[in-house]
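Trainee: I am new to this structure and would like a close look at a single part, the surroundings of the ligand. Could you walk me through that part, please?

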Amino acid sequence: MTAIPLVDLAAQHAQVAGEVAAGWQEVLARTAFVGGPQVAAFEAEFAAFSGVPHCVGVANGTDAIELALRAAGIGAGDECVLPANTFIATAEAVARAGATPVLVDCDPATYLVDPDAVAAAVTGRTRAIIGVHLYGQLAPVERLAAIAAEAGAVLVEDAAQAQGARRHGAGPGAGAGAGGAGRVAATSFYPGKNLGAYGDGGAVLTADPELAEAVRLLGAHGSPRKYEHTVLGFNSRLDTLQAVVLSAKLRRLAGWNEARRAAAARYGELLAGIDGVVPPVTLAGNEHVWHLYVVRVPERDLVLKHLNANGVGAGVHYPTPVHLTPAFASLGYGEGAFPVAERAAGEILSLPIYAEITPQQQDRVVALLAEALLAEAVA
Ligand SMILES: Cc1ncc(COP(=O)(O)O)c(C=O)c1O
């Protein structure tokens with residue numbers, strides 16, 4: 001039986017291989033490996049796709065968050081509120097910008113940041129609220145935007161997992177796609193993302209031209225012109241070869257996201273008949289792009305082991321909330337600080353999902369999941 005990966009990058013590559021090879025050939029012919037015209041073209045295409053006026057390509061998603069914060073003037077002495085249930089990069093970027101991550105708990109059904117917890121965490125030093133669009137759906141941005149406005153803070157989106165996701169409805173930020181709801185947004189093109197490069201990549205999106213310029217300056221050694229350095233910057237740019245890949249994939253992203261939605265709907269039907277599985281919940285008004293399909297099961301580690309042992313690349317996103325990682329022990333939260341996130345971390349399970357997943361593959365994943373749960377029930 002062939003393995004079923006968590007995400008099938010080979011199947012995705014097969015669809016763009018010709019275009020990528022031709023595009024790379026052009027880059028090789030011109031040898032403009034950094035900042036070639038393909039980067040500017042991709043930035044314009046991704047801005048249009050996201051419905052946001054400005055896009056600045058950077059080296060990865062973590063840099064994108066850090067540079068967005070720095071460009072917004074956030075640094076030492078400032079607090080940024082973000083969920084404990086996120087990939088560590090969200091908190092890492094805040095700390096790297098010199099600010100203090102203030103963590104909050106998540107919603108028990110969607111695992112997205114809990115806006116009530118965000119409101120309760122606001123202090124006189126809060127300068128940013130980071131909404132993480134986890135697993136492929138937007139955080140409750142209208143609430144977050146209102147809390148940010150009242151606090152005199154900016155809403156920053158971590159849109160790494162949500163390229164193409166939308167939030168319908170009324171209010172600030174609603175009606176926007178991922179990247180268009182806050183003052184500034186950061187995304188990642190890590191290979192496994194819905195829009196993934198063939199290496200690292202990231203981007204900052206914003207409607208504010210000055211903020212976009214500030215990000216561009218910071219990412220280019222603080223240099224508006226060659227050998228002129230007006231601020232202390234970084235080397236964080238999107239490679240030309242990656243821009244070619246991303247442009248080719250972007251043309252197919254809407255279709256791929258649609259296929260992910262169909263696969264998620266099919267999982268929903270298949271899992272409905274299985275006791276013990278809590279399926280994912282979509283926040284009302286959200287158009288999900290299913291970066292990850294996260295269920296909740298009892299004895300998660302045993303279930304995961306059974307799936308992995310049978311060739312299913314299920315995973316956990318994430319097994320340790322940010323506050324319990326040794327890297328952030330210094331924040332001083334400790335166990336019990338965020339009970340919803342902590343409990344979820346022990347029970348969540350990501351099933352394989354990608355645009356090319358077949359009904360047969362999904363049947364097999366669900367059959368193995370049912371088998372594992374039954375074995376537990378019997379044990
Ligand atoms: C929610 C979230 N934020 C930030 C990042 C950081 O992106 P990168 O790995 O490109 O630095 C990722 C992905 O890795 C992510 O999933």
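Predicted model: local features only at pLDDT ≥ 70, side-chain atom pairs only at ≥ 80, totals over all residues.

Mentor: The chain has eleven helices and eleven strands. Its C-alpha trace spans about 70 × 55 × 40 Å along the principal axes. With 379 residues, a compact globule would have a radius of gyration near 21 Å, and the chain agrees with that, having 21 Å. Of these 379 residues, 53% are buried.

Now for the part you asked about. The ligand is surrounded by 16 residues, and the closest are Gly-61, Thr-62, Asp-158, Ser-188 and Lys-193. At Gly-61, a polar backbone atom is 2.7 Å from an oxygen atom of the ligand. With Gln-161 the side chain takes part: one of its polar atoms lies 2.9 Å from a ligand oxygen. Lys-193 also uses its side chain, where an N or O atom is 3.2 Å from an oxygen atom of the ligand. How much of the ligand does the protein bury? Taken alone, the ligand exposes 380 Å², and the protein buries 93% of that.

Leu-28, Phe-33 and Val-34 make a nonpolar surface patch of about 260 Å². Val-34 lies in the loop between α1 (9-30) and α2 (37-50), and Val-34 is partly exposed, with a relative accessible area of 48%.

Methods. Residues numbered from 1 in each chain as written. Heavy atoms only, no water. Patch = residues over 30% accessible without salt bridge, like charges linked within 9 Å, V, L, I, M, F, W, Y side chains within 5 Å. Areas by Shrake-Rupley, 256 points an atom, 1.4 Å probe, with all protein chains shown as cover. Salt bridge = Lys/Arg side-chain N within 4 Å of Asp/Glu carboxyl O. Helix = DSSP H or I, 4+ residues; strand = E, 2+ residues; numbered from the N terminus. Buried < 20%, exposed > 50% of the residue type's maximum accessible area, 1.4 Å probe, protein only. Near = heavy atom within 4 Å. Polar contact = N/O pair within 3.5 Å; in protein donor to acceptor, adjacent residues only side chain to side chain. Rg over C-alpha atoms; globule rule 2.2 N^0.38 Å.
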